Amino acid sequence: MKMKKLRFWLLAALTLSLVLAPAACGPAAEQPAEEPPLEGQAPTPEPDVQPEPEPEDPPEPEPVEEVRVTLIAVGDNLLHNTISWDCELPGGGYDFTPVYQFVKPWIQGADLAFLSQEVPLNGTAGRYPNLDAPQQAADAAMDCGFDVVNQATNHALDKGFQGLQNTLEAWSQRGIPVIGAFRSPEEAAKPCLIERHGLIFGFLGYTYGTNGIPIPEGKEYAIALIDEKKIQADIQALRPQCDYLAVSMHWGAEYQQDASQEQQALAQKMADWGADLIIGSHPHVLQPAQWLEKAGGGRAFCAYSLGNFVSSQNTRETMLGGMLGLTVVRDSDGTIRTENPGILPIVTYFERKNKNYRIYPLEEYTAEMASRHAVAALDGPVTPEYFGNLAQKILGDFYKTKESFSCQP
């Protein structure tokens with residue numbers, strides 16, 4: 001009986017172990033289904049997964065108003081003592097306005113006009129080599145319509161440091177800004193910026209030297225000399241402050257009708273540094289003009305020498321000068337560019353005994369006038385054909401007629 005009970009319990013234990021074994025080694029039991037929410041309880045919301053937003057295109061730049069500004073520039077206003085004597089009035093004083101009467105409409109027709117003032121305006125009719133002119137010459141320049149003047153020339157110190165100060169004071173009294181020469185360090189550090197139709201124009205000016213006359217010690221700020229490091233620093237400092245940057249360069253070899261390699265190399269550097277326009281003077285004769293491709297893109301225009309605006313020199317090549325004209329355009333996309341640059345030939349005319357100094361557009365200069373020109377007896381012929389052929393030879397595609405010139409009366 002006891003053995004039967006023992007076998008019973010052993011069999012029961014074996015059966016129980018076989019039932020429990022699969023549960024211990026098999027897959028985990030399924031999780032019970034989520035219980036429904038209690039009555040009155042809101043269901044748990046599903047997480048809100050938003051799709052990644054598509055990247056937006058950058059906004060289109062707002063179009064700006066197209067602007068067009070005409071600019072004119074002339075070469076050296078080389079006022080020899082004979083010109084001052086011719087402009088002297090019988091009752092005293094001077095009137096230089098007749099000298100410019102035939103080019104005045106063209107200069108006044110421009111939005112912005114630049115003049116290179118070769119000689120000081122210390123107040124006398126100074127003879128070569130120490131040139132000078134009465135301050136009424138500044139009145140004539142103002143009447144003519146010039147807006148900015150370069151005074152960085154080799155004759156700037158012909159009447160000494162005080163003569164330069166008197167010259168700068170004359171321009172200041174007439175409200176005409178000057179580049180290249182200064183009365184104080186503060187004035188030298190102040191940028192020359194002129195606004196026209198919403199565009200800001202910046203101007204710089206430099207000269208190769210001062211005819212051996214030393215700049216007084218401690219007054220080095222007074223004249224801006226050509227120094228590549230300074231020019232680069234000045235251009236790069238002024239460039240962010242203006243839309244269009246013009247640099248006046250009193251450089252090159254006198255009476256040479258070709259630009260030197262040094263001029264060309266420096267012009268390219270200035271273009272690469274950020275200049276848009278280079279206006280050359282000093283050789284007293286016309287030199288070529290050209291486009292320069294900037295290292296950072298875009299183009300600069302360079303007129304290596306515009307010759308004399310007026311003078312009393314006595315060789316026929318020095319009687320031919322040029323007025324540079326162009327249009328600065330701001331397109332609707334904000335791009336600023338130079339349009340239709342070119343040079344309108346001009347002739348300095350005066351008669352024997354140094355009388356009746358006048359500047360004419362070449363197209364208004366006649367054979368009859370050539371026969372009376374004082375230089376005809378010294379270095380003729382000075383005919384319209386001679387000047388026209390010479391201008392075409394030097395200027396090429398940048399030779400402009402009155403009709404094609406950017407600046408119109």
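**Figure 1. Accessible surface of the predicted model.** The protein exposes about 20600 Å² (Shrake-Rupley method, 1.4 Å probe), and carbon and sulfur atoms supply 54% of that area. Buried residues (under 20% relative accessible area, 1.4 Å probe, protein chains only) make up 47% of the 409 residues. The model is predicted, with local features needing pLDDT of at least 70 and side-chain atom pairs pLDDT 80 or more, while totals for chains, interfaces and linings use all residues. Residues are numbered from 1 along each chain as its sequence is written, and side-chain values use heavy atoms, without hydrogens and water.

**Figure 2. The largest pocket.** Its volume is about 720 Å³. A pocket is an open set of points on a 1 Å grid over the protein atoms alone, where a 1.4 Å probe fits, with protein on both sides within 12 Å along at least five of seven lines; lining residues have an atom within 4 Å of a point. Points are joined across faces, edges and corners, and volume is the space filled by probe spheres set on them. Of the 34 lining residues, Phe 182, Glu 187, Ala 188, Lys 190 and Cys 192 are the closest to the centre. The lining divides into 23 nonpolar, 5 polar and 6 charged residues; Ala, Val, Leu, Ile, Met, Phe, Trp, Tyr, Cys and Pro count as nonpolar, Asp, Glu, Lys and Arg as charged, and the others, Gly among them, as polar.

**Figure 3. The second largest pocket.** This pocket has a volume of about 180 Å³. Its lining includes His 80, His 155, Glu 254 and His 284. By class, 5 lining residues are nonpolar, 6 polar and 1 charged.

Methods:
Buried means under 20% relative accessible area, exposed over 50%, partly exposed in between (1.4 Å probe, protein chains only).
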